[in-house]
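The sequence and model come first.

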Amino acid sequence: MERTTLGDESTPEMSRFLNVLRSWLVMVSVIAMGNTVQCFRGHSFLSEKLYTGRPDLVNSLQARTFGMWTLLSSVTRCACATDIHNKTLYHITLWTFVLALGHFLSEAFIYKTAPLTIGVMAPLLIASFSILGMLIGLQYTEVAHEDAAARQKKRS
């Protein structure tokens with residue numbers, strides 16, 4: 001098996017996993033861009049798909065705010081996909097999924113504004129799988145950083 005030249009991946013398995021994670025992050029980012037557009041077109045997307053428990057609480061301002069939050073998450077995730085070895089960016093991206101999971105769980109179970117419909121289950125599942133994948137990937141990126149540090153030390 002030929003080793004990739006992307007980043008500092010030490011094994012083909014590491015490289016393969018990080019490439020799948022990159023692809024996943026780009027896909028999730030593109031989906032989020034679509035959600036952002038829907039939020040800016042009007043608040044009906046949120047009241048009909050997400051916050052169906054209390055659609056009367058959804059207004060245009062809230063939709064635009066949600067759209068900006070989604071856009072920021074999308075840009076962050078896409079940036080991480082292109083620079084997956086940037087530890088700070090990686091951690092921030094991981095936190096975007098933790099925050100999304102916390103938001104949707106609290107809206108579903110605490111505030112009761114978002115019952116567990118497909119519109120809420122999808123972001124819950126995406127955030128959960130993303131957190132799991134990023135935690136696994138975190139181990140691979142740390143190994144890559146240690147290998148790079150060891151090679152640098154040998155050169156000195």
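The largest pocket has a volume of about 380 Å³. A pocket here is an open set of points, on a 1 Å grid over the protein atoms alone, where a 1.4 Å probe fits, with protein on both sides within 12 Å along at least five of seven lines. Grid points are joined across faces, edges and corners, and the volume is the space filled by probe spheres set on the points. Lining residues have an atom within 4 Å of a point. There are 19 of them in the largest pocket, and the closest to its centre are Asn35, Thr70, Arg77, Phe104 and Pro123. Two or more lining residues come from each of α1 (12-41), α2 (44-50), α3 (60-82), α4 (87-109) and α5 (118-155). By type, the lining divides into 14 nonpolar residues, four polar and one charged. In this count Ala, Val, Leu, Ile, Met, Phe, Trp, Tyr, Cys and Pro are nonpolar, Asp, Glu, Lys and Arg are charged, and the others, Gly among them, are polar.

The model is predicted: local features need pLDDT of at least 70, side-chain atom pairs count only at pLDDT 80 or more, and totals for chains, interfaces and linings use all residues. Residues are numbered from 1 along each chain as its sequence is written, and side-chain values use heavy atoms, with hydrogens and water left out.

The protein chain has five helices and zero strands, in the order α-α-α-α-α along the sequence. Helices (H or I, at least four residues) and strands (E, at least two) are DSSP runs, numbered from the N terminus. Of the 156 residues in the chain, 36% are buried. Buried means under 20% relative accessible area, exposed means over 50%, and partly exposed lies in between (1.4 Å probe, protein chains only). Among contacts in the chain with a separation of 6 or more, 67% are between residues 24 or more positions apart; a contact means heavy atoms within 4.5 Å.

Thr70, one of the residues closest to the centre of the largest pocket, lies in helix α3. Thr70 is buried, at 10% relative accessible area. Leaving out residues up to four places away in sequence, Thr70 touches Ala32, Asn35 and Thr36.

Next come the aromatic rings. How many aromatic pairs does a search of the whole structure find? The search finds four. Rings of Phe, Tyr and Trp (its six-membered ring) pair if their centres lie within 6.5 Å; planes under 30 degrees apart count as stacked, over 60 as edge-to-face and the rest as tilted. Two of the pairs are set out below.

| Pair | Type | Centre to centre | Angle between planes |
|---|---|---|---|
| Phe17 and Tyr140 | tilted | 5.3 Å | 55° |
| Tyr51 and Phe66 | edge-to-face | 6.2 Å | 90° |

Phe17 is in helix α1 and Tyr140 in helix α5, so this pair ties together parts that are 123 residues apart in sequence. Phe17 is partly exposed at 23% relative accessibility, and Tyr140 is also partly exposed, at 26%.

Trp69 is in helix α3 and is partly exposed, with a relative accessible area of 28%. Apart from neighbours within four places in sequence, Trp69 is in contact with Ala100 and His103. Trp69 and Thr96 are 27 residues apart in sequence, with their C-alpha atoms 9.6 Å apart.

The charged end of Arg77 sits over the ring of Phe97, 3.9 Å from its centre. This term requires NZ of Lys or CZ of Arg within 6 Å of the ring centre and within 35 degrees of the ring normal.

Two residues of helix α4 complete the account. Ile92 lies in that helix and is partly exposed, at 44% relative accessible area. The C-alpha atoms of Ile92 and Ser73 are 9.4 Å apart, and the two residues are 19 apart along the chain. Val98, also in helix α4, is partly exposed at 31%. From Val98 to Ile131 the C-alpha distance is 6.9 Å, across 33 residues of sequence.
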